[in-house]
Amino acid sequence: MPLRKLQFKPGVNQEITSYSNEGGWRDCDKIRFRFGYPEKIGGWEKYSSATYLGSARALHNWIALDGSNYLGVGTHLKYYIEEGQAFSDITPIRSTTGAGDATFAATNGSAVITVTDSSHGAVENDFVTFSSAASLGGNITAAVLNIEHQITQIVDANTYKITASATASGSDSGNGGSNTVAAYQINVGLDSVVGGTGWGAGTWGRGAWGSAEPNGLTTTTEIRLWSHDNFGEDLLINARDSNIFYWDRTNNLSTRAIELSTISGTKRSVPTIAKQILVSDQDRHVIAFGCDGLNSSNTAAQGNGTQDPLLIRFSSQEDPIDWYPTATNTAGDIRLGAGSTFVQAVETKREILVWTDTALNSMRFIGPPFTFGLQQLASNITIMGPNAAVATEDVVFWMGIDNFYVYAGQTQQLPCTVKNKVFLDFNFSQTAKVIAGVNSEFSEVFWFYPSAASNDNDRYVVYNYGEKVWYFGTMSRSAWLDRGVRQYPIAAESSYLYNHELGYDDDGSAMNSFIESAAIDIEDGDRFVYINKVIPDLTFTGSTNLSSPQATFTVKARNFPGASFDNTAASAAIRTSESPVEKFTEQLYLRARGRSFAMRIESEALGAKWKLGSPRVDMRPDGRR
């Protein structure tokens, strides 16, 4: 028989059987489609060697008036601002003791120090910084004590333990003196949802972050998530179900964020708890979602402290601390009418989309006297978690609990050819970790999510809205930010930031990428096929390995749809010259027999970029031997 040209449908489809998907792609990892053909995705490199503490789940980039390029990084332990490849800790201070309120006790031969501070309000892993403490008399000097420490154990409401950088001696019998001051950072959050709590495991947000327990300590039931937005060159940050904080650029990176209700100016009913904050771009209102209500006094600095999960409040225009509505300002509030709790808000060019657990609403600036108007767009919809939606231009995509959705003037389910691949292998106890992101250069929307066997994000699924196709892969990322102010998309994982779409390797190591077709047969599979040659059609243009980038072609044959591929043959296509014409292996000689076959293209070569075209195969009818 003559050579047969193989042309595959773009995108990956696992919603139908392999035989029904003849002429399509079945499986993949770290590939994308461009102009209908598969190619390897771009690689990534560490942005810098600097690290942060905790799991980063929020990134926000902005430029100050003097051109400083800032990146806000919110983790479950702290909040940082990155500039010039260095991280500055601006985590707010929760409380500061009086002199002498905190005392120390050391044990000979141990680095563990017991701290006594009445009603300290700390939780395990909190951070505390001591100052003006005196030496305990031996190895535990003032320099050992007067630094930041992480609390390793809560003994009770008045006592906790830290681990010092030195081991106490028998001379360490002092208590630190009468001048010790302890500055406690806001309570840390959880890195993973604990048993029986979280989105999809009972009522969302049951038990507010930091709510009091009978023993006087505090508890969290949800993972720490941050929302943030810049107000001019300053920064507003909010730990979900906690306070709103303000970082003033004037004070530079040496100062921490402070409670919004404590900054200078006339403060009125500033929210003290919220699920999310954002600053509306066009009209410059600060908006708090799922927040506490107005104080009964129009002169009180703070709200009433009682969180309403469906309440939306907004400050007066251009004033982040005036939240009490009057005839002379534009402050106000709206209450969502459907659902039991607010989940996420996303701003587009025309409106702010607001999700509850059951409905989607549009919030638009309409001017005085009501300032904002609210319209329900859809009911009986779902959203996977507080970071599951993302906007690109005026189109918004989001992941529901068993479907994908798109809003472009109207709400629609997004047909997905890999739906079962995603939702049948999903850890629904950790849905709050789902991160949606845009890779605008390639018209891609990513969702990073945890598979059933993982407590952290280890998989991704992509909808390419330019090609209108789906594909997926394996990758661990806890936060994502599209390129814009910075040259490359930025992602976070394992205490590092990574620049993406940079080279074609995994931070200096080879990155494995592959794509595999569905089954192909001859004459509906009633005859056996013998394959002895493949004419590869691919290019290695763009490879950083200029000598010999390569990809392996594997033909996998089987006899019946339910059988395993039991006859495989593989050979590598290698580039041998780049100039003046890209040359590579002309023919691959293989031997494979079966009623049907699948083709797999894979590359594990360092610095290799490959793009597949339309390969040819020499295949002919053949009898069983």
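How many of the residues of strand S28 (residues 352–356) are buried? The legends below take up this question and then turn to other parts of the chain.

**Figure 1. Overview of the predicted chain.** This is a predicted model, in which local features need pLDDT of at least 70 and side-chain atom pairs count only at pLDDT 80 or more, whereas totals for chains, interfaces and linings use all residues. Residues are numbered from 1 along each chain as its sequence is written, and side-chain values use heavy atoms, with hydrogens and water left out. The chain has 2 helices and 52 strands; helices (H or I, at least four residues) and strands (E, at least two) are DSSP runs, numbered from the N terminus. Of its 625 residues, 56% count as buried, where buried means under 20% relative accessible area, exposed over 50%, and partly exposed in between (1.4 Å probe, protein chains only). Among the contacts in the chain with a separation of 6 or more, 63% are made by residues 24 or more positions apart; contact means heavy atoms within 4.5 Å. The accessible surface of the chain is about 24700 Å², and 46% of this belongs to carbon and sulfur atoms. Accessible areas come from the Shrake-Rupley method with a 1.4 Å probe, and for residues, only the protein chains shown count as cover.

**Figure 2. Strand S28 and its antiparallel partners S27 and S29.** Strand S28 is mostly covered, with 5 of its 5 residues buried. Ile352, Val354 and Thr356 point one way from S28, Leu353 and Trp355 point the other way, and all are buried. In a regular strand the side chains alternate between the two faces of the sheet. Strand S27 (residues 342–347) pairs with S28 over 5 bridges in the antiparallel sense; two strands pair if DSSP finds at least two bridges between them. A hairpin of 4 residues joins S27 to S28, and Glu347 has Ile352 as its bridge partner in S28. Strand S29 (residues 359–367) runs antiparallel to S28 and is joined to S28 by 4 bridges. The hairpin from S28 to S29 passes through 2 residues, and the bridge partner of Ile352 in S29 is Met363.

**Figure 3. The open sheet formed by strands S35 to S38.** The 4 strands follow the order S35-S36-S37-S38, with antiparallel pairing. Strands S35 (435–439) and S38 (469–474) stand at the edges, each with a single partner strand, so one side of each is left without a neighbour in the sheet. From one strand to the next, the twist averages 20°; axes are lines fitted to C-alpha atoms, and angles run from 0 to 180 degrees between N-to-C directions. Strand S37 (residues 459–464) pairs with S38 over 6 bridges, and Tyr460 stands opposite Gly473 in S38.

**Figure 4. Thr431 in the loop between helix H2 and strand S35.** Helix H2 covers residues 419–423. Thr431 is buried, with a relative accessible area of 1%. Pro386 is 45 residues from Thr431 in sequence, and the C-alpha atoms of the two residues are 8.9 Å apart in space.

Figure 5. His500 is buried, with a relative accessible area of 3%. The side chains of His500 and Arg477 are joined by a polar contact of 3.0 Å. A polar contact is a pair of N or O atoms within 3.5 Å; within protein, one must be able to donate a hydrogen and the other to accept it, and residues adjacent in sequence count only if both atoms are side-chain atoms. Leaving aside neighbours within four places in sequence, His500 is in contact with Gly43, Trp44, Met475, Arg477, Trp480, Tyr488, Pro489 and Ala491.
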